[in-house]
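The sequence and the structure are shown below.

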Amino acid sequence: MRPAALPLSVIVLAAGKGTRMKSRLPKVLQPLAGQPLLAHALASVSALSPAQTVVVVGHGAEDVRATFPQAQVTWALQSPQNGTGHAAAVGLAPVESDGITLLVTGDTPLIRSETLAKLAALANEQTFALLTCVVEDVAGYGRIVRNAAGEVTRIVEHKDALAANDHAVLAIHEMNTGIMAAPTAWLRGALAKLTPHNAQGELYLTDVIAMAAVDGLRVATAQPDSETEIAGVNDKIQLAALERAKQRELAIRAMAHGVTLADPSRIDFRTSLEGGFACGSDVFIDSGCVFEGNVEIGDNVRIGPNCVIRDSKIGNGTVVHAMSHLDGVVIGEGALIGPFARLRPGAQLGDEVHIGNFVEVKNSTLAKGAKANHLAYLGDATVGERVNYGAGSITANYDGANKRRTVIEADVHVGSNCVLVAPVTIGAGGTVGGGSTVTKSTPPGALTVARGKPVTIANWKRPAKQKS
Ligand code: UD1
Ligand code: MG
């Protein structure tokens with residue numbers, strides 16, 4: 001993306017505590033669309049294919065690192081956290097190449113890689129590039145101060161403008177996004193000269209701008225496409241606002257692929273950042289659904305309202321009715337699921353399987369056309385084709401110490417309220433009478449009834465209430 005002469009290094013600042021979050025979780029691990037804030041920033045950065053990416057961590061450093069075990073980054077520890085300028089210096093220490101360094105804050109998750117690329121392309125040995133934005137609500141942000149010629153001369157932090165009672169600066173609406181690109185060698189020297197003489201007693205990264213102007217570097221500015229791209233997350237209110245913005249973006253992406261959403265403002269995607277949601281054609285998704293992890297949906301699938309679907313694959317033409325919870329499931333074509341179905345990890349349902357209301361399936365395989373339509377539990381079971389599994393029946397798969405399997409062969413009919421005590425096999429075509437507790441395997445084609453014989457006493461008189 002860049003000329004080979006100017007290798008690009010990226011420093012992501014992610015050491016801050018995020019005090020305003022009022023949370024034990026480090027700020028950069030707070031979730032946005034189901035992924036840590038830092039994951040979003042890293043995804044945007046990695047699209048630039050930089051020579052090196054350094055992530056500066058401090059608060060909760062171990063947790064942050066452990067959250068990204070696969071990341072191709074250099075971790076730099078900033079302790080104590082003495083401001084963004086200090087963080088930048090810590091991040092620059094392990095940077096191997098000269099060229100351009102792009103500084104990105106870990107708490108601006110919606111920044112697009114195109115915007116970062118544009119900014120990085122603006123920087124060279126004579127030019128410092130700064131991403132700025134004119135916003136209505138500028139409170140809390142550093143202000144971009146320009147001279148009469150319109151050149152950027154310095155950045156003044158909000159708190160310092162307040163402390164100095166500087167109305168002219170406070171009236172500026174052009175803000176520092178915190179994202180900038182600088183010639184690496186110059187930046188090293190500038191960061192070494194920072195002092196903490198300011199309202200927060202910290203080393204401000206923003207102070208290098210005034211140095212650039214003095215050193216004769218041109219300060220070029222670029223703007224993002226929209227304000228949401230550079231919105232920083234400092235508290236839960238901003239986090240919620242960005243969550244909605246991100247969800248809108250993901251809903252639009254799904255609709256652009258042809259998915260029909262009953263209401264794009266009432267759907268949540270918490271899927272993985274690398275194509276976590278894949279959908280065929282003519283898919284309809286009703287309101288209130290939540291998708292998590294990696295979800296793959298075939299053609300002509302309908303998902304009813306308020307379903308939660310995580311790490312699952314749903315075949316063509318399948319209908320998932322309202323209020324169903326699917327987690328780690330593979331479903332074939334033309335199946336009917338729910339309403340109120342609970343499909344747990346390892347449930348593998350073949351084509352045309354029916355799972356009705358209040359049916360729980362875990363670590364079980366159901367072959368084509370098998371049905372469990374009401375109030376039932378299938379755990380650690382292998383269920384054959386066309387099996388009908390009655391209301392209220394369960395596989396007793398756990399003896400208190402071990403899980404054991406139940407095998408229900410093809411065309412078996414299990415009546416209502418049965419307990420199949422594993423390990424047990426019900427032979428093909430067999431029938432289990434309602435209310436049976438089956439502890440031994442049964443041969444194919446047999447009827448098994450395992451319950452007390454009915455006793456009927458004719459003309460039975462109920463006891464009368466005694467008078468005291
Ligand atoms: C910073 C900028 C401000 C800008 C705003 C944009 C400075 C001094 N101010 O303010 O001009 O308008 O971002 O959102 O740079 N961090 C560290 N180590 C530290 C302190 C912070 O790594 O010692 C990291 C944080 O984790 C965060 C980022 O730097 O990702 C910004 O820090 P934050 O405290 O949010 O700065 P702001 O007050 O928002
Ligand atoms: Mg911030």
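Helices and strands are named here as DSSP runs, with helices (H or I) of at least four residues and strands (E) of at least two, and they are numbered from the N terminus. The coordinates discussed are those of a predicted model.

**Backbone features**

By this numbering, proline 80 falls in the loop that runs between β5 (74-77) and α3 (84-92). The peptide bond joining serine 79 to proline 80 is cis, with omega about -5 degrees. A cis peptide bond also joins glycine 338 and proline 339, and its omega is about 0 degrees. Here the proline, proline 339, is located in the loop between β24 (336-337) and β25 (342-343). The table sets out these two bonds.

| Cis peptide bond | Omega |
|---|---|
| serine 79 – proline 80 | about -5 degrees |
| glycine 338 – proline 339 | about 0 degrees |

Lysine 22 presents another backbone feature: its phi is positive, near 50 degrees, although the residue is not glycine. This lysine 22 belongs to the loop between β1 (8-14) and β2 (31-32).

**Domains and their interface**

The protein is divided into two parts, domain 1 (8-230) and domain 2 (258-448). Between the C-alpha centres of domain 1 and domain 2 the distance is 49 Å. Six residues from domain 1 and five residues from domain 2 take part in the contact.

About 360 Å² of area is buried between domain 1 and domain 2, and carbon and sulfur atoms give 67% of this area. On the side of domain 1, the residues that lose the most area to domain 2 are Ala33, Gly34 and Gln35, which together account for 71% of what that side buries.

Helix α1 (residues 37-46) gives the most to the side of domain 1 that touches domain 2, contributing three residues. That side of domain 1 consists of three nonpolar and three polar residues, with no charged residues.

**The nine-stranded sheet**

Nine strands form an open sheet with parallel pairing, in the order β14-β17-β20-β23-β26-β28-β30-β33-β36. Because β14 (277-279) and β36 (424-426) stand at the edges and each has a single partner strand, one side of each is left without a neighbour in the sheet.

Within this order, strand β26 (residues 347-349) pairs with strand β28 (residues 365-366) in the parallel sense, over two bridges. Glutamine 348 has threonine 365 in β28 as its bridge partner.

Key: Residues are numbered from 1 along each chain as its sequence is written. Chains are lettered from A and ligands numbered from 1 in the order in which they are written. This is a predicted model: local features need pLDDT of at least 70, side-chain atom pairs count only at pLDDT 80 or more; totals for chains, interfaces and linings use all residues. Side-chain values use heavy atoms; hydrogens and water are left out. Two strands pair if DSSP finds at least two bridges between them. Domain bounds come from an automatic or database domain assignment. Contact means heavy atoms within 4.5 Å. Buried area is the accessible area (1.4 Å probe) that two parts lose on being put together, summed over both. Ala, Val, Leu, Ile, Met, Phe, Trp, Tyr, Cys and Pro count as nonpolar, Asp, Glu, Lys and Arg as charged, and the others, Gly among them, as polar.
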